[in-house]
Amino acid sequence: MVLFASLRMTLATIGAFVLIGSASMAHAEKYASIVIDADTQEVLHARYADEPRYPASLTKAMTLYMVFDALKAGELKLGESLPVSSHAAAQPPSNLRLSAGDTITVESAVYALVTKSANDVAAVVAERLGGSESRFATLMTTKAKSLGMYNTTFRNASGLPDTQQTSTARDMAILAEHLLDDHGEYYFYFSTMDFKWGGTSYGNHNNLLGEVAGVDGIKTGYTRASGFN
């Protein structure tokens, strides 16, 4: 599945396109998609747009929305150092291989989530904003409902497999539009091509960047249950 925003030069139009699937959901069909003209709200294309699917690492788009909310509210600062817990350090790949006791700044965390899709970093952010990852997931779900994502439930901040963590193509499109409309000042992060950490350079998992005209984000992902996002 792919979640991306394609902006006109006027920055007035965003097209959110999602391909999401699951081998174990009610539909054997692993494809779901929607294309929306944000100026008119006209749905240009939709297929299985309201069927439940596993969002996988598209989840991190919601995690980043929460980070941007906190930055705007002054609850976070880009230069703030976030501590790494044993829970965060134990998250499986994709990750930055953080160790318990390490720290990472908020801005580096944003870059790591956008490019490397780092699960350990998602947990670090979740614990800072929610106290625990499970509580942060509850906050994510509440925020999602307030945005109109009525068919979305989060159980973690990364998108790692959880049978109760589901969304829809339409809900992901709603999230894409809110990221641009509500947090346009941070939107440039999604165009990041690479990120350096610990002497290693990580390329963005979104291979459409720089290859398809107009594509400037937002997130990709993969689990066995979801397929390629």
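Predicted model: local features only at pLDDT ≥ 70, side-chain atom pairs only at ≥ 80, totals over all residues.
The axes of helix 1, which spans residues 59-73, and helix 3, which spans residues 106-114, come within 10 Å and cross at roughly 160°; because angles over 145 degrees count as roughly antiparallel, helix 1 is roughly antiparallel to helix 3. On the side of helix 1, the contact is formed by Lys60, Thr63, Leu64, Val67, Phe68 and Leu71, which meet Val106, Val110, Leu113 and Val114 of helix 3. Sorted by class, the residues of this contact comprise eight nonpolar, one polar and one charged.

A second pair of helices is formed by helix 4 (residues 119-130) and helix 5 (residues 133-146), whose axes come within 8 Å and cross at roughly 80°, and the two helices are therefore roughly perpendicular to each other. Here Ala123, Ala126, Glu127, Leu129 and Gly130 of helix 4 meet Glu133, Arg135, Phe136 and Leu139 of helix 5, and the contact between helix 4 and helix 5 has, by class, five nonpolar, one polar and three charged residues.

In terms of class, eleven polar, five nonpolar and three charged residues make up the lining of the largest pocket.

Key:
Residues numbered from 1 in each chain as written. Heavy atoms only, no water. Nonpolar A, V, L, I, M, F, W, Y, C, P; charged D, E, K, R; others polar. Axes fitted to C-alpha atoms, helices over the stretch in contact; angles between N-to-C directions. Helix = DSSP H or I, 4+ residues; strand = E, 2+ residues; numbered from the N terminus. Parallel < 35°, antiparallel > 145°, perpendicular 65-115°, else oblique. Contact = heavy atoms within 4.5 Å.
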